[in-house]
Amino acid sequence: MGQAESIHAFKETPLIGSAWAFTRDRLGLLSQVAESSGDIGCFHVGPVRVLLLNSPDLVRSVLVEQEDAFDKGWVFRHIPRSILGNGLLFSEGEFHFRQRRRVAPSFQPRNIAPFADIIVATAEQEQQRWEDNRIIDLGWEMGRLAHNILNVVLFGAHLFDENDALGKIINVPMRSARDVSLGLLMLSLGLPMPGSARVRRAIMQTRRRIEAMIRARRASKEHCDDLLAALMAARGKDGKQMSDEEVRDEAFTLFVAAHRNTTDALSWCLCLLAAHPDKQDNLRREAHTALGGRPATHADLPKFPYALQVCKEALRLYPPAYIIGRTALGPVQVGGHAMRKGDVALVSPYTMHRRRDFYPQPDSFDPGRFTPPNEALLPRHAYIPFGAGPRVCIGNHFTLMAVHLLLATLAQRVSFAFAPGYRLEPEIVFTLRPKRGSKMIVRRD
(Lines give C-alpha, C1' and ligand atoms only; values in the text may rest on other atoms or scores of the structure.)
Protein backbone atom coordinates (compact mmCIF):
# COMPACT_ATOMS: atom_id res chain seq x y z
CA MET A 1 0.00 0.00 0.00
CA GLY A 2 3.09 2.22 0.13
CA GLN A 3 2.56 5.78 1.22
CA ALA A 4 -1.02 5.10 2.27
CA GLU A 5 0.41 3.68 5.51
CA SER A 6 1.44 7.20 6.54
CA ILE A 7 -2.17 8.32 6.78
CA HIS A 8 -3.25 8.66 10.39
CA ALA A 9 -5.62 5.78 11.19
CA PHE A 10 -8.40 6.57 13.62
CA LYS A 11 -8.91 4.00 16.41
CA GLU A 12 -11.85 1.80 15.48
CA THR A 13 -13.90 -1.29 16.33
CA PRO A 14 -12.89 -4.50 14.50
CA LEU A 15 -15.02 -5.42 11.45
CA ILE A 16 -17.44 -2.48 11.64
CA GLY A 17 -14.82 0.25 11.97
CA SER A 18 -16.52 3.57 12.71
CA ALA A 19 -19.88 2.58 11.22
CA TRP A 20 -21.73 3.07 14.52
CA ALA A 21 -20.32 6.56 15.06
CA PHE A 22 -20.91 7.45 11.41
CA THR A 23 -24.61 6.74 11.74
CA ARG A 24 -25.18 7.94 15.32
CA ASP A 25 -22.85 10.95 15.69
CA ARG A 26 -21.49 11.81 12.27
CA LEU A 27 -20.42 15.37 13.06
CA GLY A 28 -18.67 14.18 16.19
CA LEU A 29 -16.78 11.49 14.28
CA LEU A 30 -15.70 13.89 11.54
CA SER A 31 -14.55 16.44 14.09
CA GLN A 32 -12.54 13.84 16.02
CA VAL A 33 -10.84 12.52 12.91
CA ALA A 34 -10.00 16.04 11.70
CA GLU A 35 -8.70 17.09 15.12
CA SER A 36 -6.50 14.01 15.58
CA SER A 37 -5.33 13.59 11.99
CA GLY A 38 -4.74 17.05 10.56
CA ASP A 39 -4.88 17.36 6.77
CA ILE A 40 -5.78 13.73 6.08
CA GLY A 41 -7.23 11.00 8.27
CA CYS A 42 -8.57 7.50 7.76
CA PHE A 43 -11.57 5.63 9.14
CA HIS A 44 -13.77 2.75 7.98
CA VAL A 45 -17.50 2.28 7.56
CA GLY A 46 -17.62 -1.49 7.62
CA PRO A 47 -15.24 -2.64 4.88
CA VAL A 48 -15.14 0.75 3.13
CA ARG A 49 -11.98 2.78 3.68
CA VAL A 50 -12.70 6.50 3.99
CA LEU A 51 -10.07 9.24 3.77
CA LEU A 52 -11.13 12.54 5.32
CA LEU A 53 -9.40 15.32 3.37
CA ASN A 54 -9.14 18.49 5.41
CA SER A 55 -6.88 20.90 3.53
CA PRO A 56 -7.49 23.24 0.58
CA ASP A 57 -4.80 21.49 -1.50
CA LEU A 58 -6.39 18.07 -1.01
CA VAL A 59 -9.84 19.46 -1.80
CA ARG A 60 -8.48 20.88 -5.03
CA SER A 61 -6.79 17.58 -5.88
CA VAL A 62 -9.99 15.52 -5.60
CA LEU A 63 -12.77 17.93 -6.58
CA VAL A 64 -10.93 19.88 -9.27
CA GLU A 65 -7.68 18.47 -10.64
CA GLN A 66 -8.52 14.75 -10.56
CA GLU A 67 -12.30 14.95 -10.71
CA ASP A 68 -12.41 12.35 -13.50
CA ALA A 69 -10.73 9.76 -11.24
CA PHE A 70 -13.78 9.66 -8.94
CA ASP A 71 -17.53 9.34 -9.06
CA LYS A 72 -20.26 9.92 -6.47
CA GLY A 73 -20.25 6.35 -5.28
CA TRP A 74 -22.16 3.09 -5.09
CA VAL A 75 -25.41 4.42 -3.66
CA PHE A 76 -25.77 7.12 -6.31
CA ARG A 77 -24.90 4.64 -9.08
CA HIS A 78 -27.63 2.26 -7.95
CA ILE A 79 -30.50 4.62 -7.05
CA PRO A 80 -33.22 3.77 -9.57
CA ARG A 81 -33.29 6.47 -12.23
CA SER A 82 -36.90 5.53 -12.91
CA ILE A 83 -37.75 6.86 -9.46
CA LEU A 84 -35.52 9.90 -8.92
CA GLY A 85 -34.55 10.71 -12.48
CA ASN A 86 -31.15 11.61 -13.87
CA GLY A 87 -30.78 15.27 -12.96
CA LEU A 88 -27.50 17.00 -12.19
CA LEU A 89 -27.47 15.74 -8.61
CA PHE A 90 -27.36 12.09 -9.71
CA SER A 91 -25.93 11.99 -13.23
CA GLU A 92 -22.31 11.16 -13.99
CA GLY A 93 -19.72 11.29 -16.76
CA GLU A 94 -20.24 12.76 -20.19
CA PHE A 95 -24.02 13.02 -19.73
CA HIS A 96 -23.57 15.14 -16.59
CA PHE A 97 -20.98 17.33 -18.33
CA ARG A 98 -23.29 17.93 -21.29
CA GLN A 99 -26.32 18.67 -19.13
CA ARG A 100 -24.44 21.05 -16.90
CA ARG A 101 -23.22 23.06 -19.86
CA ARG A 102 -26.82 23.38 -21.03
CA VAL A 103 -28.24 24.35 -17.64
CA ALA A 104 -25.46 26.55 -16.22
CA PRO A 105 -26.22 29.75 -18.19
CA SER A 106 -29.67 29.95 -16.61
CA PHE A 107 -28.06 30.29 -13.19
CA GLN A 108 -25.55 33.01 -13.97
CA PRO A 109 -26.04 36.11 -11.75
CA ARG A 110 -27.38 38.25 -14.59
CA ASN A 111 -30.05 35.66 -15.42
CA ILE A 112 -31.29 35.12 -11.87
CA ALA A 113 -31.39 38.84 -11.00
CA PRO A 114 -34.98 39.25 -12.34
CA PHE A 115 -36.19 36.79 -9.69
CA ALA A 116 -35.28 39.22 -6.88
CA ASP A 117 -38.70 40.88 -6.96
CA ILE A 118 -40.44 37.50 -6.57
CA ILE A 119 -38.23 36.65 -3.59
CA VAL A 120 -38.93 39.95 -1.83
CA ALA A 121 -42.67 40.02 -2.60
CA THR A 122 -43.11 36.48 -1.28
CA ALA A 123 -41.18 37.27 1.92
CA GLU A 124 -43.21 40.44 2.49
CA GLN A 125 -46.42 38.47 2.13
CA GLU A 126 -45.33 35.56 4.33
CA GLN A 127 -44.04 37.66 7.23
CA GLN A 128 -47.42 39.38 7.56
CA ARG A 129 -48.82 36.06 8.84
CA TRP A 130 -46.55 36.14 11.92
CA GLU A 131 -48.26 37.82 14.85
CA ASP A 132 -46.34 39.95 17.31
CA ASN A 133 -44.96 38.07 20.31
CA ARG A 134 -46.22 34.72 19.02
CA ILE A 135 -44.18 31.51 18.69
CA ILE A 136 -43.55 30.03 15.25
CA ASP A 137 -41.79 26.86 14.08
CA LEU A 138 -38.93 28.53 12.24
CA GLY A 139 -37.93 25.52 10.14
CA TRP A 140 -41.48 24.97 8.94
CA GLU A 141 -42.00 28.66 8.16
CA MET A 142 -38.72 29.01 6.27
CA GLY A 143 -39.58 25.84 4.34
CA ARG A 144 -42.95 27.31 3.39
CA LEU A 145 -41.28 30.57 2.34
CA ALA A 146 -38.73 28.75 0.15
CA HIS A 147 -41.48 26.53 -1.24
CA ASN A 148 -43.60 29.49 -2.34
CA ILE A 149 -40.63 31.34 -3.84
CA LEU A 150 -39.45 28.35 -5.86
CA ASN A 151 -42.92 27.52 -7.15
CA VAL A 152 -42.97 30.89 -8.95
CA VAL A 153 -39.26 31.08 -9.84
CA LEU A 154 -39.17 27.60 -11.34
CA PHE A 155 -42.72 27.03 -12.58
CA GLY A 156 -44.18 30.52 -12.85
CA ALA A 157 -47.13 29.59 -10.63
CA HIS A 158 -48.03 27.73 -7.47
CA LEU A 159 -47.84 24.32 -9.09
CA PHE A 160 -47.36 22.57 -5.74
CA ASP A 161 -48.34 23.25 -2.14
CA GLU A 162 -47.04 21.79 1.11
CA ASN A 163 -49.76 19.15 1.26
CA ASP A 164 -49.38 17.64 -2.19
CA ALA A 165 -46.86 15.22 -3.68
CA LEU A 166 -43.84 17.51 -3.85
CA GLY A 167 -44.41 18.87 -0.37
CA LYS A 168 -44.50 15.32 0.98
CA ILE A 169 -41.23 14.45 -0.74
CA ILE A 170 -39.45 17.47 0.66
CA ASN A 171 -40.73 16.75 4.15
CA VAL A 172 -40.07 13.00 4.19
CA PRO A 173 -40.18 12.11 7.90
CA MET A 174 -36.58 10.96 8.31
CA ARG A 175 -35.28 12.23 11.60
CA SER A 176 -31.63 11.23 11.70
CA ALA A 177 -28.54 10.48 9.68
CA ARG A 178 -29.11 6.81 10.48
CA ASP A 179 -32.59 6.87 8.95
CA VAL A 180 -31.35 8.69 5.87
CA SER A 181 -28.46 6.26 5.34
CA LEU A 182 -30.82 3.30 5.72
CA GLY A 183 -33.38 4.87 3.44
CA LEU A 184 -30.86 5.47 0.65
CA LEU A 185 -29.53 1.94 0.97
CA MET A 186 -33.01 0.37 0.86
CA LEU A 187 -34.05 2.59 -2.05
CA SER A 188 -30.88 1.70 -3.97
CA LEU A 189 -31.64 -2.00 -3.52
CA GLY A 190 -35.26 -1.56 -4.48
CA LEU A 191 -36.33 -2.90 -1.09
CA PRO A 192 -39.33 -1.72 0.90
CA MET A 193 -39.03 0.25 4.11
CA PRO A 194 -41.61 2.07 6.23
CA GLY A 195 -43.07 4.86 4.13
CA SER A 196 -41.10 3.98 0.98
CA ALA A 197 -44.20 3.15 -1.10
CA ARG A 198 -45.75 6.50 -0.15
CA VAL A 199 -42.57 8.34 -1.10
CA ARG A 200 -42.34 6.53 -4.42
CA ARG A 201 -45.95 7.41 -5.24
CA ALA A 202 -45.36 11.05 -4.34
CA ILE A 203 -42.27 11.21 -6.56
CA MET A 204 -44.09 9.66 -9.50
CA GLN A 205 -47.06 12.02 -9.07
CA THR A 206 -44.69 14.99 -9.02
CA ARG A 207 -42.86 13.84 -12.13
CA ARG A 208 -46.15 13.38 -13.99
CA ARG A 209 -47.32 16.87 -13.04
CA ILE A 210 -44.09 18.45 -14.30
CA GLU A 211 -44.34 16.40 -17.49
CA ALA A 212 -47.89 17.66 -18.05
CA MET A 213 -46.76 21.28 -17.64
CA ILE A 214 -43.92 20.78 -20.13
CA ARG A 215 -46.28 19.22 -22.71
CA ALA A 216 -48.77 22.03 -22.26
CA ARG A 217 -46.12 24.65 -22.81
CA ARG A 218 -44.72 22.90 -25.87
CA ALA A 219 -48.22 22.79 -27.34
CA SER A 220 -49.17 26.40 -26.59
CA LYS A 221 -45.73 27.92 -27.22
CA GLU A 222 -46.58 30.47 -24.52
CA HIS A 223 -43.79 32.81 -23.43
CA CYS A 224 -42.74 32.39 -19.80
CA ASP A 225 -39.96 33.95 -17.78
CA ASP A 226 -39.39 31.21 -15.22
CA LEU A 227 -36.59 28.67 -14.91
CA LEU A 228 -38.66 25.90 -16.47
CA ALA A 229 -38.86 27.98 -19.66
CA ALA A 230 -35.10 28.52 -19.50
CA LEU A 231 -34.52 24.77 -19.18
CA MET A 232 -36.83 24.05 -22.10
CA ALA A 233 -34.98 26.57 -24.28
CA ALA A 234 -31.46 25.60 -23.18
CA ARG A 235 -29.18 24.28 -25.92
CA GLY A 236 -25.83 22.58 -25.88
CA LYS A 237 -22.88 23.31 -28.15
CA ASP A 238 -24.44 20.97 -30.68
CA GLY A 239 -27.53 23.21 -30.78
CA LYS A 240 -29.79 20.49 -29.42
CA GLN A 241 -32.37 21.07 -26.72
CA MET A 242 -33.07 18.72 -23.84
CA SER A 243 -35.77 16.13 -24.20
CA ASP A 244 -38.94 16.55 -22.15
CA GLU A 245 -37.71 13.77 -19.87
CA GLU A 246 -34.39 15.54 -19.29
CA VAL A 247 -36.15 18.85 -18.59
CA ARG A 248 -38.43 17.10 -16.11
CA ASP A 249 -35.52 15.49 -14.26
CA GLU A 250 -33.59 18.76 -14.03
CA ALA A 251 -36.64 20.72 -12.85
CA PHE A 252 -37.44 18.11 -10.22
CA THR A 253 -33.85 18.02 -8.96
CA LEU A 254 -33.49 21.79 -8.93
CA PHE A 255 -36.68 22.32 -6.96
CA VAL A 256 -35.81 19.84 -4.24
CA ALA A 257 -32.15 20.91 -3.96
CA ALA A 258 -32.86 24.65 -4.03
CA HIS A 259 -35.66 24.28 -1.50
CA ARG A 260 -33.42 22.44 0.93
CA ASN A 261 -30.44 24.78 0.54
CA THR A 262 -32.48 27.97 0.86
CA THR A 263 -34.51 26.70 3.82
CA ASP A 264 -31.47 25.47 5.74
CA ALA A 265 -29.25 28.47 5.02
CA LEU A 266 -31.94 30.99 6.02
CA SER A 267 -32.88 29.00 9.12
CA TRP A 268 -29.26 28.92 10.30
CA CYS A 269 -28.90 32.67 9.73
CA LEU A 270 -31.97 33.49 11.80
CA CYS A 271 -31.10 31.02 14.55
CA LEU A 272 -27.58 32.41 14.90
CA LEU A 273 -28.89 35.97 14.91
CA ALA A 274 -31.38 35.06 17.64
CA ALA A 275 -28.49 33.64 19.66
CA HIS A 276 -26.53 36.89 19.17
CA PRO A 277 -28.94 39.82 19.65
CA ASP A 278 -26.20 42.42 19.12
CA LYS A 279 -25.54 41.10 15.64
CA GLN A 280 -29.27 40.93 14.91
CA ASP A 281 -29.48 44.60 15.91
CA ASN A 282 -26.63 45.43 13.49
CA LEU A 283 -28.49 43.72 10.67
CA ARG A 284 -31.75 45.48 11.49
CA ARG A 285 -30.07 48.90 11.56
CA GLU A 286 -28.54 48.22 8.15
CA ALA A 287 -31.89 47.20 6.66
CA HIS A 288 -33.80 50.14 8.14
CA THR A 289 -31.15 52.62 7.00
CA ALA A 290 -30.98 51.28 3.45
CA LEU A 291 -34.70 50.73 2.87
CA GLY A 292 -36.62 53.04 5.16
CA GLY A 293 -39.60 50.71 5.12
CA ARG A 294 -39.86 50.12 1.35
CA PRO A 295 -39.38 46.68 -0.25
CA ALA A 296 -35.87 45.73 -1.29
CA THR A 297 -34.81 45.34 -4.92
CA HIS A 298 -31.90 43.62 -6.61
CA ALA A 299 -30.22 47.01 -7.02
CA ASP A 300 -30.21 47.38 -3.22
CA LEU A 301 -27.98 44.35 -2.60
CA PRO A 302 -24.74 46.39 -2.31
CA LYS A 303 -26.43 48.34 0.51
CA PHE A 304 -26.60 45.20 2.66
CA PRO A 305 -22.95 44.15 3.14
CA TYR A 306 -23.55 42.98 6.70
CA ALA A 307 -26.46 40.75 5.62
CA LEU A 308 -24.15 39.03 3.14
CA GLN A 309 -21.49 38.58 5.83
CA VAL A 310 -24.10 37.01 8.13
CA CYS A 311 -25.11 34.61 5.36
CA LYS A 312 -21.54 33.57 4.58
CA GLU A 313 -20.65 33.09 8.25
CA ALA A 314 -23.76 30.97 8.84
CA LEU A 315 -22.78 28.83 5.85
CA ARG A 316 -19.28 28.53 7.29
CA LEU A 317 -20.50 27.23 10.63
CA TYR A 318 -23.34 25.07 9.35
CA PRO A 319 -23.06 24.31 5.62
CA PRO A 320 -26.19 22.37 4.57
CA ALA A 321 -24.00 20.15 2.32
CA TYR A 322 -21.76 19.23 5.24
CA ILE A 323 -19.98 16.34 3.45
CA ILE A 324 -18.99 15.69 -0.15
CA GLY A 325 -18.10 12.11 -0.99
CA ARG A 326 -16.20 10.77 -3.99
CA THR A 327 -15.34 7.12 -4.68
CA ALA A 328 -12.07 6.25 -6.44
CA LEU A 329 -12.66 4.53 -9.78
CA GLY A 330 -9.16 3.04 -9.66
CA PRO A 331 -5.77 3.57 -7.99
CA VAL A 332 -5.05 7.29 -7.61
CA GLN A 333 -2.58 9.48 -5.72
CA VAL A 334 -4.01 12.22 -3.53
CA GLY A 335 -1.53 14.52 -1.87
CA GLY A 336 1.16 11.85 -2.16
CA HIS A 337 -1.08 9.19 -0.60
CA ALA A 338 -2.26 6.11 -2.46
CA MET A 339 -5.99 5.49 -2.79
CA ARG A 340 -7.34 2.17 -4.01
CA LYS A 341 -10.33 1.49 -6.19
CA GLY A 342 -13.43 1.76 -4.00
CA ASP A 343 -11.83 4.00 -1.37
CA VAL A 344 -13.92 7.04 -0.50
CA ALA A 345 -12.45 10.53 -0.45
CA LEU A 346 -14.57 12.55 1.96
CA VAL A 347 -14.44 16.34 1.99
CA SER A 348 -16.28 17.96 4.89
CA PRO A 349 -17.01 21.68 4.63
CA TYR A 350 -18.10 21.39 8.28
CA THR A 351 -14.58 20.43 9.46
CA MET A 352 -12.71 22.48 6.85
CA HIS A 353 -14.53 25.60 8.04
CA ARG A 354 -13.34 24.95 11.59
CA ARG A 355 -9.62 24.94 10.91
CA ARG A 356 -8.10 27.29 13.46
CA ASP A 357 -5.34 28.43 11.12
CA PHE A 358 -7.96 29.84 8.75
CA TYR A 359 -10.70 30.71 11.24
CA PRO A 360 -9.52 31.79 14.73
CA GLN A 361 -12.04 30.83 17.42
CA PRO A 362 -13.77 28.72 14.76
CA ASP A 363 -16.89 27.87 16.79
CA SER A 364 -17.82 31.52 17.34
CA PHE A 365 -20.29 33.36 15.12
CA ASP A 366 -18.39 36.31 13.67
CA PRO A 367 -19.77 37.81 10.42
CA GLY A 368 -16.74 40.13 10.35
CA ARG A 369 -14.69 37.23 9.00
CA PHE A 370 -16.32 37.94 5.66
CA THR A 371 -15.59 41.60 5.17
CA PRO A 372 -13.94 41.85 1.74
CA PRO A 373 -10.39 42.34 3.15
CA ASN A 374 -10.73 39.38 5.55
CA GLU A 375 -12.31 37.12 2.94
CA ALA A 376 -9.49 37.90 0.52
CA LEU A 377 -7.00 36.38 3.00
CA LEU A 378 -8.60 32.93 2.88
CA PRO A 379 -6.84 30.34 0.72
CA ARG A 380 -8.82 29.11 -2.26
CA HIS A 381 -10.94 26.08 -1.24
CA ALA A 382 -10.73 26.89 2.46
CA TYR A 383 -14.35 28.04 2.20
CA ILE A 384 -16.50 25.56 0.28
CA PRO A 385 -20.16 25.74 1.40
CA PHE A 386 -21.28 24.85 -2.13
CA GLY A 387 -18.48 22.42 -2.97
CA ALA A 388 -15.84 23.06 -5.63
CA GLY A 389 -14.81 22.10 -9.12
CA PRO A 390 -16.97 20.96 -12.04
CA ARG A 391 -19.72 19.73 -9.68
CA VAL A 392 -19.95 22.87 -7.55
CA CYS A 393 -23.60 23.55 -6.66
CA ILE A 394 -25.14 25.05 -9.78
CA GLY A 395 -27.59 27.09 -7.69
CA ASN A 396 -24.98 28.75 -5.47
CA HIS A 397 -25.56 32.24 -6.88
CA PHE A 398 -29.31 31.89 -6.51
CA THR A 399 -29.07 30.70 -2.90
CA LEU A 400 -26.75 33.54 -1.90
CA MET A 401 -28.92 36.14 -3.63
CA ALA A 402 -32.11 34.75 -2.12
CA VAL A 403 -30.82 34.56 1.46
CA HIS A 404 -29.15 37.99 1.14
CA LEU A 405 -32.46 39.56 0.09
CA LEU A 406 -34.54 37.59 2.57
CA LEU A 407 -32.38 38.63 5.52
CA ALA A 408 -32.68 42.31 4.63
CA THR A 409 -36.42 42.02 3.94
CA LEU A 410 -37.25 40.25 7.20
CA ALA A 411 -34.84 42.35 9.30
CA GLN A 412 -36.76 45.57 8.76
CA ARG A 413 -40.07 43.92 9.66
CA VAL A 414 -39.41 41.49 12.51
CA SER A 415 -36.82 40.18 14.97
CA PHE A 416 -36.51 36.70 16.46
CA ALA A 417 -35.77 35.27 19.91
CA PHE A 418 -35.64 31.66 21.03
CA ALA A 419 -38.75 30.34 22.72
CA PRO A 420 -38.19 29.15 26.32
CA GLY A 421 -36.52 25.77 26.49
CA TYR A 422 -35.23 25.66 22.92
CA ARG A 423 -31.56 24.77 22.53
CA LEU A 424 -29.86 25.39 19.20
CA GLU A 425 -28.37 22.14 17.90
CA PRO A 426 -27.65 20.76 14.43
CA GLU A 427 -29.22 17.61 13.08
CA ILE A 428 -28.61 15.70 9.87
CA VAL A 429 -31.61 14.91 7.69
CA PHE A 430 -29.95 14.64 4.28
CA THR A 431 -28.61 18.13 4.91
CA LEU A 432 -27.39 19.87 8.06
CA ARG A 433 -30.20 21.90 9.59
CA PRO A 434 -31.26 23.29 12.99
CA LYS A 435 -32.74 20.55 15.12
CA ARG A 436 -36.43 20.03 14.47
CA GLY A 437 -38.74 22.11 16.57
CA SER A 438 -36.77 25.37 16.36
CA LYS A 439 -39.42 27.49 18.09
CA MET A 440 -39.00 31.24 17.76
CA ILE A 441 -40.76 34.23 19.25
CA VAL A 442 -41.52 36.84 16.59
CA ARG A 443 -41.33 40.50 17.60
CA ARG A 444 -42.43 43.43 15.52
CA ASP A 445 -41.33 47.06 15.78
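**Structural briefing: salt bridges, core, cavity and loops**

Glu246 and Arg102 form a salt bridge in which the closest N and O atoms are 3.4 Å apart; a salt bridge here is a side-chain nitrogen of Lys or Arg within 4 Å of a carboxyl oxygen of Asp or Glu. Glu246 belongs to helix α14 and Arg102 to helix α6 (residues 93-103), so the pair ties together parts that are 144 residues apart in sequence. This is a predicted model, in which local features need pLDDT of at least 70 and side-chain atom pairs count only at pLDDT 80 or more, while totals for chains, interfaces and linings use all residues. Residues are numbered from 1 along each chain as its sequence is written, and side-chain values use heavy atoms, with hydrogens and water left out.

**Salt bridges**

- The structure holds 28 salt bridges.
- Glu246 and Arg102 are both buried, where buried means under 20% relative accessible area, exposed over 50%, and partly exposed in between (1.4 Å probe, protein chains only).
- Glu126 and Arg129 meet through their side chains at 3.2 Å, N to O; Glu126 is buried at 5% relative accessible area, whereas Arg129 is partly exposed at 35%.
- A network of salt bridges links Glu126, Arg129, Glu141 and Arg144.
- Asp357 and Arg355 form a salt bridge at 2.6 Å, N to O; Asp357 counts as exposed at 51% relative accessibility, and Arg355 is buried at 16%.

**Nonpolar core**

- The largest nonpolar core has 116 residues, and those with the most contacts inside it are Phe43, Leu53, Leu270, Phe398, Leu407 and Phe416.
- Helix α14 (residues 244-275) gives the largest share of this core, 15 residues; helices (H or I, at least four residues) and strands (E, at least two) are DSSP runs, numbered from the N terminus.
- Such a core is a set of buried Ala, Val, Leu, Ile, Met, Phe, Trp, Tyr and Cys residues joined through side-chain atoms within 4.5 Å.
- Beyond its neighbours within four places in sequence, Leu270 is in contact with Leu138, Met142, Leu407, Leu410, Phe416 and Met440, contact meaning heavy atoms within 4.5 Å.

**Cavity**

- The structure holds one cavity of 30 Å³ or more; on a 1 Å grid over the protein atoms alone, a cavity is a set of points where a 1.4 Å probe fits but cannot get out, and lining residues have an atom within 4 Å of a point.
- About 70 Å³ of space lies in the largest cavity, a volume being the space filled by probe spheres set on grid points that are joined across faces, edges and corners.
- Its lining consists of Leu270, Leu273, Gln280, Leu283, Arg284, Leu407, Leu410, Ala411, Val414 and Phe416.
- Two or more lining residues come from each of α14, α15 (277-291), α19 (396-411) and β10 (414-418).

**Loop residues**

- Asp366 lies in the loop between α17 (349-352) and α18 (372-376) and is partly exposed at 35% relative accessibility.
- Asp366 and His276 are 90 residues apart in sequence and 9.8 Å apart in space, C-alpha to C-alpha.
- Leu15, in the loop between β1 (8-9) and α1 (19-24), has a positive phi of about 75° although it is not a glycine, and is exposed at 81% relative accessible area.

Note on methods
1 Å grid on protein atoms, 1.4 Å probe; cavity = no way out; pocket = protein on both sides within 12 Å on 5 of 7 lines; lining within 4 Å.
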